[in-house]
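Please look through the sequence and the model below before reading on.

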Amino acid sequence: MRIPLIAGNWKMYKTVAETVQFIDELKGLLAGAGDGVEVVLCPPYTALSAAAEALRGSGIFLSAQNMYWEEQGAFTGEISPLMLREIGCKYVILGHSERRQYFGETDEAVNKKAKAALKHGLIPIVCVGETLEEREAGITEKVISTQVKGALTGLDPAQTAGLVVAYEPVWAIGTGRTASDDDAQKVNAFIRGLLAEIAGREAAEKVRIQYGGSVKPENAAGLMAKPDIDGALVGGASLKPDSFAGIIKASR
Ligand code: PGA
């Protein structure tokens with residue numbers, strides 16, 4: 001049984017004060033209503049520490065949005081897996097399409113980061129997804145296959161089984177245009193097939209595969225009802241406690 005994972009990716013939004021206020025409100029709204037769903041918040045680096053404190057005892061977990069693969073060193077501006085573990089992160093998002101698009105992140109970098117995260121006990125949420133041009137050119141599966149295989153090169157089946165993969169079609173991120181339930185299911189099932197090729201069917205059945213891209217309280221239940229959609233990576237709708245709580249409640 002895969003427990004759905006609902007993660008709020010805040011991107012470059014929210015100060016420390018706003019983070020603490022959000023968490024207080026969310027805790028009030030959920031009050032046990034998150035049962036049967038694992039809930040994760042991904043604030044910016046600067047708010048991780050305050051979020052860890054505010055989340056204590058809530059059952060809600062913490063994730064970073066990115067990290068570097070080295071433990072320490074002369075890498076100005078970077079954050080290491082050790083630092084994220086110390087602060088209390090359980091997860092780390094890797095290879096988000098905005099990282100790929102604006103910061104030149106490659107599949108090779110995602111692979112190095114995934115290995116470093118696992119070495120330090122962080123669970124990677126590996127993001128993959130095609131652009132609109134790629135979808136229209138009919139190469140969605142080819143793109144997804146390259147990204148998944150590139151990100152997971154060299155991982156053993158046990159490591160793969162513990163991962164989270166997020167399918168996020170780039171054309172659906174922040175656009176209000178969600179993939180249909182059936183389209184999302186189709187790609188998620190394709191990803192599970194790829195995982196089975198890489199790590200065996202048993203490992204593939206354990207991997208939680210999220211959908212991301214304009215998930216809202218109104219469309220969450222339909223997406224989550226699909227057999228290969230095991231949660232959501234939520235951007236815009238995770239910035240308000242009531243809409244994020246709505247998605248969580250719709251996903252139980
Ligand atoms: P969105 O973002 O929900 O605002 O479309 C999703 C994401 O980028 O993870």
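## Basis of the description

This is a predicted model, in which local features need pLDDT of at least 70 and side-chain atom pairs count only at pLDDT 80 or more, while totals for chains, interfaces and linings use all residues. Residues are numbered from 1 along each chain as its sequence is written, and side-chain values use heavy atoms, with hydrogens and water left out.

## The barrel

The model contains a closed barrel of 8 strands, which runs 1-2-3-4-5-6-7-8 with parallel pairing. Neighbouring strands of this sheet are turned by 25 degrees against each other on average, direction ignored. Helices (H or I, at least four residues) and strands (E, at least two) are DSSP runs, numbered from the N terminus, and two strands pair if DSSP finds at least two bridges between them. Strands of a sheet pair through backbone hydrogen bonds, either parallel or antiparallel.

One of the pairs joins strand 3 (residues 61-64) to strand 4 (residues 91-94), which run parallel and share 2 bridges; here Ala 64 stands opposite Val 92 of strand 4. Helix 9 (residues 181-199) packs on the sheet, where it touches strand 5 (123-128), strand 6 (164-167) and strand 7 (208-212), contact meaning heavy atoms within 4.5 Å. The direction of helix 9 makes about 150 degrees with that of strand 7; axes are lines fitted to C-alpha atoms, for helices over the stretch in contact, and angles run from 0 to 180 degrees between N-to-C directions.

## Strand 7 and its partners

How many bridges pair strand 6 with strand 7? The two strands pair in the parallel sense over 4 bridges, and Tyr 167 has Tyr 211 in strand 7 as its bridge partner. On to strand 8 (residues 231-234), strand 7 is joined by 2 bridges, again running parallel, with Leu 233 in strand 8 as the bridge partner of Gly 212.

Strand 7 is mostly covered, with 5 of its 5 residues buried, where buried means under 20% relative accessible area, exposed over 50%, and partly exposed in between (1.4 Å probe, protein chains only). In a regular strand the side chains alternate between the two faces of the sheet. In strand 7, Arg 208, Gln 210 and Gly 212 point one way, Ile 209 and Tyr 211 point the other way, and all are buried.

## Around the ligand

There are 13 residues around the ligand, of which Lys 11, His 96, Glu 168, Gly 174 and Ser 214 come nearest; a residue is near a molecule or strand if one of its heavy atoms lies within 4 Å of it. An oxygen atom of the ligand is 2.7 Å from an N or O atom in the side chain of Glu 168. Taken alone the ligand exposes 280 Å², and the protein buries 95% of that; accessible areas come from the Shrake-Rupley method with a 1.4 Å probe, and for residues only the protein chains shown count as cover.

## Single residues

Most residues other than glycine have a negative phi. Lys 11, in the loop between strand 1 (5-9) and helix 1 (16-30), has a positive phi of about 55 degrees although it is not a glycine. Ser 214, in the loop between strand 7 and helix 11 (217-224), has a positive phi of about 60 degrees.

Technical notes:
A polar contact is a pair of N or O atoms within 3.5 Å; within protein, one must be able to donate a hydrogen and the other to accept it, and residues adjacent in sequence count only if both atoms are side-chain atoms.
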